[in-house]
Amino acid sequence: MHTFKCNKLILSSISLLGGLVSTSLWADNVSAKEEWKFTLKNAYINRNFENEALKDTGSWSQAASLFYNSRMLETPLSIAEKPLTIGVDASVQYAVRLSSDKHVADTVLPFDKATQSQASDYLKHGVTLKLGYDRTLLSVGELWLDLPVTAVDSSRQLLTSYWGANLKSQLTDQLYAEIGRVEKVSPRNEEDFRKFSFTSNGKTEYSDDLNYIDLRYQFSPDLKGEYYYGNMEDLYNKHYLGLEHNLKGKNYTLSSKFKYFNAQEDGNNFNIDAQNIGLLETLKVKNHTFGLGYQQIIGESAYPLPDGFLPETYFINWNATGFFKKDEKSYHFIYGYNFKDYIPGFNAAIKYVYGDSFETTDGKKNHESESNIILNYNFQQPYLKGLALQYIRIDYDVKHGNDFGEDRLFVNYTHKF
C-alpha cells in the first residue's frame with residue numbers, strides 16, 4: 001500500500017538517518033479498507049552556484065495529486081478453502097510551474113534540451129492490478145518500490161514510480177520475500193515511463209528489465225536483516241546486505257546498522273566494479289538524536305546509479321550529493337531534536353558529511369563536504385490537520401569543483417478519506 005508523509009522528504013532528500021527498511025508485515029502490503037488520499041505540495045527549490053559561469057537552477061511549483069488504494073475483494077475462486085482476492089490501485093499527479101522559466105534543467109520539472117525550456121506543467125498517472133491469496137500479493141502495473149536501485153523519490157515535486165510486476169509474500173512470521181520484474185521508470189522530473197539507462201564517459205546504454213529479489217528476516221525482536229539482488233539487464237548487477245540491531249534501555253535507544261553493496265557490470269558495455277560499505281550508529285535519548293556514520297567506496301569504479309536522478313536512499317551517506325565517487329571515504333554526524341515539549345509538531349536536525357580520498361578525472365586529490373539544516377513542522381490544530389511545512393538548507397563545498405548553496409521549502413497538505 002502506497003503511503004507518503006511530509007517527513008519522508010528528509011529521507012529522500014538527504015537520508016537523514018540512513019535507515020534500513022524494516023521487515024514488512026502483510027498489513028503493509030494489503031489494504032484492509034478502501035482509501036483515497038489527496039495531496040497538495042508547494043515546492044520552492046533554488047540552487048546558487050558560486051561559479052558565476054554556471055546558471056543557478058530551481059523553480060517554484062504547485063502540485064495536486066490523488067492516490068487510490070482499493071481493499072482486496074474476494075472472488076468466487078478459492079484454493080484450499082482460502083479465497084483469491086482482487087483489487088485495483090491508481091494515481092494521478094499533476095504539477096504546474098509558478099516561477100518564470102530559467103531555461104535550465106533543475107531536476108524538478110521536465111526540461112526540453114532542444115528548446116532549452118522548462119515545462120510549464122506536467123502530469124503523471126498509473127494504475128495497478130492486485131491479486132491476492134492468503135499472505136501473498138501479485139501486483140501488475142504501476143509499482144511503488146522503496147528498495148535499492150528503485151526508490152520512491154519525494155525530495156523534489158512529483159513522485160518517482162515504476163512499471164512492471166512483483167510478487168510479495170509473508171512466508172513466515174519472520175521471513176518476507178519479494179520478487180519483481182521492473183520494465184520502466186517514471187523519474188521525478190519526467191511524465192512518461194521509459195526504459196532504465198546508464199551513462200558513463202559520454203556513453204549511454206539501455207536495459208529492457210530490472211529483475212530483483214528482496215528477502216527480509218526478523219532474527220529476533222532486536223535484530224533484522226535484508227538481502228537484495230537486482231540484475232539490470234545489459235548494464236549491471238547489484239547485491240545488497242543490511243543488518244540492523246536495536247538496543248533499548250530505560251531512557252535510550254541505540255540503533256546499529258551495517259550496509260554492504262556490490263555492483264558489477266552485466267555484459268561488456270561498461271567497466272563497473274564497485275563496493276560500498278557503510279556503518280551507522282544512532283542514539284536516541286529522550287528528545288535528542290545523535291548519529292555517527294561512515295561510508296567507503298571500494299573497487300575499480302565509482303558506484304553506478306541509473307540515469308534519471310534516481311537516488312540510492314539505502315546508502316548511509318545519501319545527501320544532495322551522493323558521496324559515491326571511486327575510492328571515496330565519507331564520515332557524517334547528525335544531531336536532531338524534537339521540540340514536542342515546547343512546540344508540539346516541530347523538530348529540527350543538522351547533518352554534516354565530509355568525504356575524501358578520491359580524485360578528479362585529471363588525477364587531482366579532492367575532498368568535499370555538505371552541511372544540512374532540516375526544519376519540520378506539522379500543524380497540530382484540528383482545523384489544520386494534514387498541513388505541514390519543511391525547510392532544508394544545503395551547503396556544498398568541494399576543493400576542485402563547483403560549490404553551491406541550496407534552499408528547499410515545502411508546504412504539504414494531505415487528506416485521507
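**Burial, contacts and salt bridges**

Modeller: R135 has a relative accessibility of 27%, which means that R135 counts as partly exposed. Keep in mind that the model is predicted.

Colleague: Which residue forms a salt bridge with R135?

Modeller: The closest N and O atoms of the pair are 3.3 Å apart.

Colleague: Is D153 buried or exposed?

Modeller: The side chains of D153 and R188 meet in a salt bridge, 2.4 Å from N to O. Buried means under 20% relative accessible area. D153 has a relative accessible area of 1%, so D153 is buried.

Colleague: And where does R188 lie?

Modeller: R188 is at 5% relative accessibility and therefore counts as buried. D153 is in the loop between β8 and β9, and the pair ties together parts that are 35 residues apart in sequence. R188 lies in the loop between β10 and β11.

Colleague: What is the N to O distance in the salt bridge of K238 and E312?

Modeller: K238 is in strand β15 and E312 in the loop between β18 and β19 (329-338), so this pair links distant parts of the chain, 74 residues apart. K238 is buried, and so is E312. Their side chains meet at an N to O distance of 3.4 Å.

Colleague: Which side chain makes a polar contact with the side chain of D209?

Modeller: D209 is in the loop between β12 (203-207) and β13, and D209 is buried, with a relative accessible area of 6%. Not counting residues up to four places away in sequence, D209 touches R181, V182, E183, N231, M232 and E233. The polar contact, at 2.5 Å, joins the side chain of D209 to that of R181.

Colleague: Which residues touch the most other members of the largest nonpolar core?

Modeller: In soluble globular proteins, nonpolar side chains tend to be buried together. The largest nonpolar core here has 28 residues. Strands that each supply at least two residues of this core include β10 (175-186), β13 (210-220) and β16 (252-265). The residues touching the most other members are Y162 and F196.

Colleague: How many residues are in the second, separate core?

Modeller: Among its members are I45, A63, Y122 and F410. The size of this second core is 9 residues.

Colleague: What accessible area do the residues of the nonpolar patch on the surface have together?

Modeller: The patch is formed by L247, Y252, L283, F290, L292, F333, I350, I373 and L375. The elements that give two or more residues to the patch are β18 (288-299) and β21 (365-378). One of the members, L292, lies in strand β18 and counts as exposed at 55% relative accessibility. Together the patch residues have an accessible area of about 730 Å².

Colleague: What is the phi of V149?

Modeller: V149 is in the loop between β8 (136-143) and β9 (161-170). V149 counts as buried, at 3% relative accessibility. V149 is not a glycine, although its phi is positive, at about 80°.

Colleague: Where is H103?

Modeller: H103 also has a positive phi without being a glycine, near 55°. With a relative accessible area of 37%, H103 is partly exposed. The place of H103 is in the loop between β4 (82-97) and β5 (111-112).

Colleague: How far apart in space are S357 and K326, C-alpha to C-alpha?

Modeller: S357 is in strand β20 (residues 346-359). Leaving aside neighbours within four places in sequence, S357 is in contact with K326, D327, E328, K329 and N366. S357 and K326 are 31 residues apart in sequence, and their C-alpha to C-alpha distance is 8.7 Å.

Terms used:
Residues numbered from 1 in each chain as written. Predicted model: local features only at pLDDT ≥ 70, side-chain atom pairs only at ≥ 80, totals over all residues. Heavy atoms only, no water. Helix = DSSP H or I, 4+ residues; strand = E, 2+ residues; numbered from the N terminus. Contact = heavy atoms within 4.5 Å. Patch = residues over 30% accessible without salt bridge, like charges linked within 9 Å, V, L, I, M, F, W, Y side chains within 5 Å. Areas by Shrake-Rupley, 256 points an atom, 1.4 Å probe, with all protein chains shown as cover. Salt bridge = Lys/Arg side-chain N within 4 Å of Asp/Glu carboxyl O. Buried < 20%, exposed > 50% of the residue type's maximum accessible area, 1.4 Å probe, protein only. Core = buried A, V, L, I, M, F, W, Y, C linked by side-chain atoms within 4.5 Å. Polar contact = N/O pair within 3.5 Å; in protein donor to acceptor, adjacent residues only side chain to side chain.
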